Amino acid sequence: MNQQRLILSSPLLEIVVSRLAQQLIENYQDFADTVILGMQPRGIYFAERVARELNRILGYDVPLGYLDATFYRDDFRRRDTPLRANTTNVPFIIENKRVILIDDVLATGRMVRAALDAMTAFGRPRKVELLVLIDRRYNRDLPIKPDYTGKRVNTLESQQVLVEWTEQGAEADRIWLVG
């Protein structure tokens with residue numbers, strides 16, 4: 001039996017985005033030499049929302065790019081079906097920049113490790129911080145933890161976090177715990 005439990009939706013989601021933007025402003029102040037990279041595929045929607053909120057508060061745009069780490073994954077050659085790459089759009093050099101890497105869900109840490117490898121094609125950042133909407137605790141394969149977290153969720157290995165974004169055609173923004 002597949003059970004679903006709603007863990008986050010509007011208007012609480014907007015409050016979480018606003019809180020995370022305020023935390024970033026507290027730590028980065030003017031965002032000089034700072035860029036945002038949203039991780040493909042679904043992290044880009046969350047990154048766009050955080051960037052929009054930052055831009056609204058600050059009155060100027062913080063550079064935003066999209067990073068696909070598909071071919072940097074450690075399970076890339078172990079799959080039965082070929083992986084399809086998503087768009088990478090990093091319209092800036094990240095050499096000596098502070099990078100805020102954004103994803104929707106942090107589980108095993110393997111996608112973040114792959115993203116760190118993928119970033120090197122665009123330069124060597126001065127610093128990288130990780131911001132996630134949902135931190136699935138108790139599921140790490142690698143010692144990676146977020147610097148900024150929207151919500152921590154205790155999950156079993158058999159459970160999944162399902163993120164539904166209106167940008168992807170969902171009727172409303174909802175984050176579910178499924179399993």
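**A buried charge, then the fold**

Author: This is a predicted model. D103 is buried yet has no salt bridge. The nearest side chain of opposite charge is R42, 6.3 Å away.

Reader: Where is the place of D103?

Author: D103 sits in strand β4, residues 98–106.

Reader: And which residues is D103 in contact with, neighbours within four places aside?

Author: M39, G43, F46, L131, V132 and L133.

Reader: Back to R42. Which side chain does R42 meet in a salt bridge?

Author: D104, at 3.0 Å from N to O. D104 lies in β4 and R42 in the loop between β2 and α2, so the pair ties together parts that are 62 residues apart in sequence. D104 is buried, at 3% relative accessible area. R42 is partly exposed, at 31%.

Reader: What does the count of salt bridges come to?

Author: Twelve. One of them is D33 with R126, at 3.9 Å from N to O. That pair links distant parts of the chain, 93 residues apart. D33 is in the loop between α1 and β2, and R126 is in the loop between α3 (110–119) and β5.

Reader: Which residue forms a salt bridge with D117?

Author: R113, with the closest N and O atoms 2.4 Å apart. R113 and D117 are four residues apart in helix α3, so about one helical turn separates them. R113 counts as partly exposed at 24%, and D117 does at 33%.

Reader: Which residues do salt bridges with shared partners join into one network?

Author: R49, E167 and D173.

Reader: Switching to sheets. What is the strand order in the sheet of five?

Author: β3-β2-β4-β5-β6. It is an open sheet with parallel pairing. β3 (64–67) and β6 are the edge strands, and each pairs on one side only. The twist averages 25° from one strand to the next.

Reader: How many bridges join β4 to β5?

Author: Eight. V99 stands opposite V128 in β5.

Reader: Which strands does α1 lie across there?

Author: β2 (34–39), β4, β5 and β6, running at about 130° to β6. Helix α2 packs on the sheet as well, touching β2, β3, β4 and β5. The direction of α2 makes about 150° with that of β2.

Reader: Pick a residue in α2.

Author: A51 lies in that helix. A51 is buried, with a relative accessible area of 3%. Neighbours within four places aside, A51 is in contact with I36 and L64.

Reader: Now the sheet of three strands. In what order do they come?

Author: β1-β8-β7, in an open sheet with antiparallel pairing. β1 (4–9) and β7 (160–164) stand at the edges with a single partner strand each, so one side of each has no neighbour in the sheet. Neighbouring strands are turned by 25° against each other on average, direction ignored.

Reader: How many bridges between β1 and β8?

Author: Five, in the antiparallel sense, with β8 spanning residues 174–178. The bridge partner of L8 in β8 is I175. Helix α1 (residues 12–28) packs on this sheet, touching β1 and β8. The direction of α1 makes about 50° with that of β1.

Reader: What about the core? Which residues have the most contacts inside the largest one?

Author: L24, F46, L54, L131, L133, I134 and I175, in a nonpolar core of 34 residues. β1, α1, α2 (43–58), β4, β5 (127–137), β6 (148–154), β7 and β8 each supply at least two residues. The largest share, eight residues, comes from α1.

Reader: What does I175 touch?

Author: Not counting residues up to four places away in sequence, R5, L6, I7, L8, L13, L133, I134, V161, L162 and V163. There is also a second, separate core of 19 residues, which includes L67, I94, A118 and I144.

Reader: Last one. Is P143 buried or exposed?

Author: P143 is exposed, at 85% relative accessible area. Its place is in the loop between β5 and β6. P143 and R110 are 33 residues apart in sequence and 9.7 Å apart in space, C-alpha to C-alpha.

Key:
Residues are numbered from 1 along each chain as its sequence is written. This is a predicted model: local features need pLDDT of at least 70, side-chain atom pairs count only at pLDDT 80 or more; totals for chains, interfaces and linings use all residues. Side-chain values use heavy atoms; hydrogens and water are left out. Two strands pair if DSSP finds at least two bridges between them. Axes are lines fitted to C-alpha atoms, for helices over the stretch in contact, and angles run from 0 to 180 degrees between N-to-C directions. Contact means heavy atoms within 4.5 Å. Buried means under 20% relative accessible area, exposed over 50%, partly exposed in between (1.4 Å probe, protein chains only). Lys and Arg count as positive and Asp and Glu as negative; His and the chain ends are not counted. A salt bridge is a side-chain nitrogen of Lys or Arg within 4 Å of a carboxyl oxygen of Asp or Glu. A nonpolar core is a set of buried Ala, Val, Leu, Ile, Met, Phe, Trp, Tyr and Cys residues joined through side-chain atoms within 4.5 Å.
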